[in-house]
Amino acid sequence: MNYSPITYLGTTNTGSFYPSGSYQVEYLLVGGGGASATNGGGGGGGGGFLNGFTNVISGSRYTVTVGAGGTCPAANQPGGNGNNSSFGQITAVGGGGGGGGLSGTGPNGKDGASGGGQHRATTANGGWAGLGNRPSNFPIVYGYNGATGSAAGLSNGGGGGGAGQVGGRGGVTTSAGGVGGSGSLFYGTFYAGGGAGGSGTATAALGGPGGGGLGGTINNANGVSGSINTGGGAGGHGANVNVAGPSGGSGIAIIKYPGAQVGSGGTVTTSGSFTVHTFLSSSFFNS
C-alpha cells in the first residue's frame, strides 16, 4: 500500500485540523452483521466494510466503536440490523436484518450496509430484498443486496448480501435456502459475509466467507449466528422453526501503520514492517 496524505480526522482536544505533527494510518472498519429470522427466514446482511487511509494528530485520542451484531426480538419477527462501527468521524454502518415471520408479517429483508435476505415467499418471488448502501464519498463498494426467497411452496429464505457479493436466491439452483454473499478481503482475511437463508428441506445453505452463518433446515435445525468480530450476517432458521432468530456477528476495527509502535489502544501486533492495532470491542486509539 502507498502511504500518502488523504484526509485528517482532527484532534479531539480542539476540534481543529493540523497537518503538522501527524502521521498516516490505514484502517479497516466492519459494522455489526444483521440478525436473521424464523421459519424459513432470510439471512442477515454483512456489516459495512470500509478500508482506507487517514491522518491522525500525534498526542490525540480517537474513539473506536465496535458495533454489536443485530438481534431478533422474538419468534415470527424479522431480524434487526447490526450496529455501526466507527473510528473518529469515519463510520461503517451495520448490515440489514433478514426478513421473517409468519405469512404477511415482516417478509422483507431490511436495508443496511449489505441487505438482508427475504423471508420464504407466500406468493411467487415474495417481497423486496434489502438494499446495500454505497456512500458517494467512498470510491469502494460498500455492500451488496440481499436476495429474494423461493417461489411459493418451497419455503426457502434468500441469502443476505455480503461486502463482496449479492446473496443467493432461495430455492432456485438447489433445494436449500439461498447462500450468503461473500465478504471482502483485508490482508488475507474475509469480513462481512452474508448469512444463508433458512431451508424448507433437509439441505442447509452456506453462509458467505467472512463470518456468514449457516442456514437452518426444516422442522428441527436453527440457523447459526454470524461469527463474532467478522461482521457476518446470521443464517435464517429452517421452515417451521418458530423461535427467535440468531444474531449477527459483531464488527471489528483495525488500525495499521508502517514502522515501530507509535500509538496505543487495542491489541498491538506487528506484521512485517507494520504495527497493527486490533479492536475487538469499543475503546480508544491514542495517537
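How many helices and how many strands are there in the protein? Colour by secondary structure and look: zero helices, eleven strands. Keep in mind that this is a predicted model.

**Whole chain**

The pattern reads β-β-β-β-β-β-β-β-β-β-β.

The protein exposes about 10600 Å². Carbon and sulfur atoms supply 55% of that area.

Next, colour by burial. Of the 287 residues, 56% are buried, taking under 20% relative accessible area as the cut-off.

Draw the contacts too, keeping pairs of residues at least 6 apart in sequence. Of these contacts, 53% join residues at least 24 apart.

**The four-stranded sheet**

Select E3, E4, E5 and E11. These strands form an open sheet in the order E5-E4-E3-E11, and the pairing is antiparallel. Which strands stand at the edges? Pick residues 90-92 for strand E5 and 283-286 for strand E11. Each has a single partner strand, so one side of each is left without a neighbour in the sheet.

**The E3–E11 pair**

Zoom in on residues 61-65, which are strand E3. How many bridges join E3 and E11? The two strands pair over four bridges, in the antiparallel sense.

Select Tyr62, then look at E11: Phe285 stands opposite.

Notes: Residues are numbered from 1 along each chain as its sequence is written. This is a predicted model: local features need pLDDT of at least 70, side-chain atom pairs count only at pLDDT 80 or more; totals for chains, interfaces and linings use all residues. Side-chain values use heavy atoms; hydrogens and water are left out. Two strands pair if DSSP finds at least two bridges between them. Buried means under 20% relative accessible area, exposed over 50%, partly exposed in between (1.4 Å probe, protein chains only). Contact means heavy atoms within 4.5 Å. Accessible areas come from the Shrake-Rupley method with a 1.4 Å probe; for residues, only the protein chains shown count as cover.
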